[in-house]
Amino acid sequence: MERRRFLSKFLSIAASATVVSGFFKRAVASPDGYDPKGHYYGMGIQIDKCIGCGKCVEACKEENNVPKEPFFFRTWVERYVIKKEGETSVQNIDMRIERSNEVFSEKDIVRSFFVPKLCNQCDNPPCVQVCPVGATFKTEDGVILVDDERCIGCRYCIQACPYGARYLHPEKETADKCTFCYHRITKGLLPACVEVCPSQARIFGDVKSSASPLGRFKRMNKLHVLKPSLNTEPKVSYSGLDGEVR
Amino acid sequence: MKSFLQKMPDALKRVLAVFVLVAGTAVLVRAVLPASLTDSRLHIKTTVEREMAHPVRYAGSEACADCHEEYKVKQGGYHKNLSCETCHGAAKEHSENPSDLKPKLPRMREFCAGCHTYNPSRPSGFPQVNPAAHNPRKVCIECHNPHDPKPTRTPRECSACHAEIARTKELSPHVQLECTTCHTVPQDHKLIPRSVRATIPSERSFCGKCHSKESGRKEAPKVDILTHGEKYLCWQCHYPHMPEVQ
């Protein structure tokens, strides 16, 4: 066969193969009735409103089937106690009802407050970068989700998260984390923690809209994020955050 | 056929083998393997769909307003910002099947104590009691209507919320001064204490009204208001509610 004829035939076959393979591609459409393009979600947390009742933690566990044991959390509340001398102590608040009557001593306390925490839904998420199988990703509306059918439970993301927001689900053996209650927000409901918060310490909304409770919160308060030096660009912002909070 | 293969140059055979390998892999990836393993857009889509299909447990308090009159009572009282489900628990199932599935009715003391037990970490101004001293063993809802909670008697002005300051002031030389001597308190401060604040003095001359040498107040200790304490404001060294010399 002549070299020129072979090359022209080979190229034409390759081109037609590309066209044919195009037919195998499956069309990917957005889920019905909800357009993620119009949204970009974020949360605001007002430290001076949190009363540390833990209703958000309870509601989150109920709504999202988070195991009831006290070391699996999608959201949790920390109690900071800054003493006159010595180290600042941080405790996860105790959810057991028999502890609700406990009266804390206020000796030597300079300042004490509660800090609700959850996944910061970073714009630059370290957990997504480290996943070896691409099981965790950012949706168009800015929420970081985990594909639990793809996750192999290697725990890289749990290690990589600087906020400790992920845990390994003991039954599924896959990484699990806050989804901003994705099934609720896509139906126009508030995340469960925001819904039940008795003192409006948590504000949920679209980060871009200024005529919304979140927009107002952002305009009226001096905002902080956790660990800003890591450039993770969290979408959860805090007002009234003490410098001691890590 | 055999002669055809023999006639074919070796180089062409190798190229053909590589081509078959590439085409075979393409067919395997595009057609044989399940799409969820190959197309990342598809796995993102299925994960998003799975998240969105997750059942909703908390209905949101708008759902309660249709049937329950207590909702209106609640909207007029201090619990107006509480979602019904903060106390009554997740009630989506109840909203779909109102007669059979009833939400919980927390009646024990411990339940209210979860939010209202005194805790130095809670924001000041939030109503808190010591459950051991506050009518022990009496059920909260005997005296307070949970949908419109009020103190059973009108609080003694400032000390109802600022009890610690009131106690401190009682032991100090300023015991005779009313709070309003130094603070102007708008009426709305009693209703929305955080949004409408009482004023605090901002100048040295305010303290000077009693404590400067020119002042007519005989009993107040006198200093030269222009030179005493140099550049500092009075309350940077003296706590006004307990103004001992430091």
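**A question to begin**

Is A:Val110 buried or exposed in this predicted model? A:Val110 is exposed, because 11 other C-beta atoms lie within 10 Å. By the cut-offs used, a residue is buried with 20 or more other C-beta atoms within 10 Å of its own, exposed with 12 or fewer, and partly exposed in between, with C-beta atoms placed from the backbone.

**How to read the model**

Residues are numbered from 1 along each chain as its sequence is written, while chains are lettered from A and ligands numbered from 1 in the order in which they are written. The model is predicted, so local features need pLDDT of at least 70 and side-chain atom pairs count only at pLDDT 80 or more, whereas totals for chains, interfaces and linings use all residues.

**Around A:Val110**

A:Val110 sits in strand 4 of chain A, residues 109-118. Strands (E, at least two residues) and helices (H or I, at least four) are DSSP runs, numbered from the N terminus. Leaving aside residues up to four places away in sequence, A:Val110 touches A:Ile82, A:Lys83 and A:Lys84; contact means C-beta atoms, placed from the backbone, within 7 Å. A:His39, 71 residues apart from A:Val110 along the chain, has its C-alpha atom 41 Å from that of A:Val110.

**The sheet**

In chain A, 3 strands make an open, antiparallel sheet in the order 3-2-4. Pairing requires at least two DSSP bridges between two strands. Strand 3 (89-92) and strand 4 are the edge strands, each pairing on one side only. From one strand to the next, the twist averages 20°.

Strand 2 (residues 75-83) and strand 4 of chain A run antiparallel and are joined by 9 bridges; A:Tyr80 has A:Phe113 of strand 4 as its bridge partner. Helix 2 of chain A packs on the sheet, touching strands 2 and 4, and its direction makes about 160° with that of strand 2. Such angles run from 0 to 180 degrees between N-to-C directions, with axes fitted to C-alpha atoms, for helices over the stretch in contact.

**Where the chains meet**

Chain A brings 45 residues into contact with 43 residues of chain B. Helix 1 (3-24), helix 2 (55-64), strand 4, helix 5 (182-185) and helix 6 (192-196) of chain A each supply at least two residues of that side of chain A.

**Domains of chain B**

An automatic or database domain assignment gives chain B domain 1 (61-153) and domain 2 (158-237). Their centres, taken over C-alpha atoms, are 37 Å apart.

How values were computed
Two residues are in contact if their C-beta atoms, placed from the backbone, lie within 7 Å.
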